[in-house]
Amino acid sequence: MKISTSFERGAGGESFARARVEWEDGGTPPRSVYFSSTTPFGEPDAAAEAFLTACFVPAMRHAERRVAVDGPVCPTLTEGLRTAAAMFRNWEPRLPAAPAIEARRAVSPPAPSGRAAIFFTGGIDSLYLLRQNRRTAPRDHPAFFRDALWVGGLDFSGSLPDGDAARTRPPFDPGLAELCAGEGAEPIAISTDLLGLDPDLAALGRYWVGSALAAAAHLFRGRVASASLASGWDLRRLMPWGTHPFVDRHYGSASLAVRHENAGVSRFEKLRFLAEEWPEALRRAVVCNYRPGGRPNCGRCYKCVETGTALAAIGFAGESFPAGTPLPESIAALSIAPPYVDYWESLIPLLRSRGLSALAEAAHASVARSRRNESWAAGRGWKGRFRRWDRRLFAGAGSRGYAALRGRKTLDGG
Amino acid sequence: MRLTHLQTELRDGVVRRSARFDWEERPRDPVTLSFSLPSSAELEIADDGNAFLAAGVLVAMHHGERRLSIDAEICPRLAEGAAMAVEIVRAWHGRVKNPVAIETPRGFRLSIPRNPGSSALLFSGGVHAFDALLENREFFPSGHPRRFTALIAVEGLDPAGAALSPVRLARLRAAAGSAGIPVATISANFRELESDLGFVSRQFFGAALAATAHALSPSFDGASIAAAWDVSHGVRCGSHAFVDPAFSSGALALRHEGLNATRLEKVSRIAARSWTLENLIVCTDAAAAEGRNHANCGRCERCLRTRVELEALGVSAEGSFPEGAIDAGELEALHLAFNHDYFWEPLVAPLEARGRGDLAAAVARLIAEARRIQAWFDERGWKGRLRGMDRDVLGGFLGRVLRRSA
């Protein structure tokens, strides 16, 4: 992959950083990608580091043998990208090898202004991080968030499955921008079409959302010295993901520290904290990207149902959810991922204590179903043990026979 | 666990920062942990509680303490990271231990780097530390904030908790002199705080190094710990890419470096320079080494492994070790620790290529033995499967009977 970068100032005062990306090994046609912002970017040289950070993981995914970029790159970043790539391969050995990085070596001195920035989405995690920062960092401290970076173009778009003509969120939700400004963090909206480089949304989430966000922060070299990502997975529920406490820091350079914060705090703790300490912000929280009728939060996706249920469990009357408290049917229909089963389980007594027994029963049904599946998959219980020993001793013949009798397919396609 | 009486004193040319550790859940005697630095060193000792928080939190977890209360201001970023470190170690080693609540009556204060753009390497003189130093000199030009400006040698963490021998000190100084940067020796009585060697090596080692770096945090804003395992084989051990950086504060970034190279690649880079090879300290048996008036005993697993690695690379071990060329018979009594076959496996082919079939066969035997035990443990092979079935179906009855009859 060859990356040629440029910086421009638009007629309306917008800053543009562009890159022409030429794939060398996959036969994909060249493509131009950009970042833009009405807030001026920093030094033009920073484009090389930004686009290297942005393109490195997609290049690796698509088995490019090298990434050559036309500007200077801090050795801290070069080393960090190699380490991040090695971590991905450790998680998924079938991933292609990391591409070699070809770039001029730069000495990037630390940013003189030393501002700290937060990647802000208005979700529970970034609201919590902003509030915690206000509690722990005095206004004159270098870690006090002075900038709130909103990156548009990396989120999901389109309609809800039921055909509701939903819109994705605007470039920076005005209410949330006001909230940031009120907290002393200057809202900075950034747009990008980076997804065009590797339009697989699932892959963005799984491999490179952290590096794509870090890339945007690199463009503000000279202004932003550290950029913090709010952790979406707490430590007890960690899984390999595109933004991760052990990986994100490797996307920094000597000029920019990239931090992944609050991985030690569960989502429920964050909600309870916000309900007590910052209820006005929690009422404006945006947890999903759909805006039915122009209002944030669809009220139907997993995140909305989960957040609505947790808010009901702590007795917080949210205003953000058009559908209000989730319906028991919505909860009962959820498919809960194994790391989150105990979290849902912890909500059940709280819902009961508030007299929300229908919600509690629905949550109980979902939890029980997920536990059964988990137990089977882990080879526990008599069915799970049977499956495990069938695989060990008979190479899964028993499962295949049973599936054939029932007219089903097994997970391995048998 | 309560940490009180934090104080700094200057006596007999040594600056000593100490804190008293009192246990709340176990009837253990209080311990005073101290960091001691010669006053002549051009480094400063921190006056906050961060070093003691880093030193205490995993030890508190290990001994079932429910909280760590420290009578000093601490950095909230470190407190969060320390809690994360506890969670990581608990996730790895089973949830038999409880989380530790971190409390301070003095409050949390986000610390600020006092000397920004300055990095140090925690330096043992071993293969990984030397390689981290070499790589740093090569990749980070002069003036870069990541280029090491000092080496820190830590006394008190080896199995005996002993001071560095004169021979080892001389090697460290010679290495620092060749690299053109100063080395400071800081002593800490970690082994009085924690005597369980297994816990120290598997869970606590990185935290102890991080604590030492925090004790010197006014002098740097970054400190690096050299990785023993490359990223493709991230064994869960006391110093780890996930754990060490968790001990960062607002003032000090902890880094775990050298993840992208295997041990043999590192030995190869070290072997290419005489000043690194001559000053290598790999030995884990400091007493035996001192008994031979050498920096390395030449006979412990680490020494034997390094000697075999040098042999595989066609480099003489003379100077680095009391003995020169290695004999296959020296490996006869050796048994590899869990996972260590990973270090030995890449040596077989180059040894054969160099005409050392005897040594290659000895190494292959060590690897095969280690893997046989591992397969049984992982319930592979017929013995392992039998063990698994016994546990699943009979609740381990058969195993208990066999052990009793043996």
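The model is a predicted one, in which local features need pLDDT of at least 70, side-chain atom pairs count only at pLDDT 80 or more, and totals for chains, interfaces and linings use all residues. Residues are numbered from 1 along each chain as its sequence is written, while chains are lettered from A and ligands numbered from 1 in the order in which they are written.

Along the principal axes, the C-alpha atoms of chain A fill a box of roughly 65 × 55 × 40 Å. Buried residues account for 45% of the 414 in this chain; a residue is buried if 20 or more other C-beta atoms lie within 10 Å of its own, exposed if 12 or fewer, and partly exposed in between, with C-beta atoms placed from the backbone. Of the contacts in chain A with a separation of 6 or more, 72% join residues 24 or more positions apart, two residues being in contact if their C-beta atoms, placed from the backbone, lie within 7 Å.

Strands of a sheet pair through backbone hydrogen bonds, either parallel or antiparallel. In chain A, an open sheet of 10 strands runs in the order E5-E4-E1-E2-E3-E8-E7-E6-E9-E10, with mixed pairing; two strands pair if DSSP finds at least two bridges between them. Strand E5 (100-105) and E10 of chain A form the edges, each pairing on one side only. From one strand to the next, the twist averages 25 degrees. Helix H1 (residues 46-61) of chain A packs on this sheet, where it touches strands E1 (2-9), E2 (15-22), E3 (31-37), E4 (66-73) and E5 of chain A, and its direction makes about 165 degrees with that of E4(A). Axes are lines fitted to C-alpha atoms, for helices over the stretch in contact, and angles run from 0 to 180 degrees between N-to-C directions.

Strand E9 (residues 224-230) of chain A pairs with E10(A) in the parallel sense over 5 bridges. Leu229(A) has His260(A) as its bridge partner in E10(A), and Ala230(A) stands opposite Glu261(A).

Chain B comes next, with 15 helices and 10 strands. Its radius of gyration is 22 Å, close to the 22 Å that the globule rule gives for 406 residues, so chain B is as compact as a globular protein of that length. The C-alpha atoms of chain B fill a box of roughly 60 × 60 × 35 Å along the principal axes, and 49% of its 406 residues are buried.

An automatic or database domain assignment gives chain B a domain 1 (2-257) and a domain 2 (291-377). Taken over C-alpha atoms, the centres of these domains of chain B are 31 Å apart. In helix H13 (residues 357-377) of chain B lies Arg372(B), which is partly exposed, with 14 other C-beta atoms within 10 Å.

Finally, the two chains meet through 28 residues of chain B and 25 residues of chain A. Helix H2 (76-93) and helix H14 (381-394) of chain B each supply at least two residues of the side of chain B that touches chain A. The largest share of that side, 5 residues, comes from H2(B).

Terms used: Helices (H or I, at least four residues) and strands (E, at least two) are DSSP runs, numbered from the N terminus. The radius of gyration is taken over C-alpha atoms; the globule rule is 2.2 Å times the number of residues to the power 0.38.
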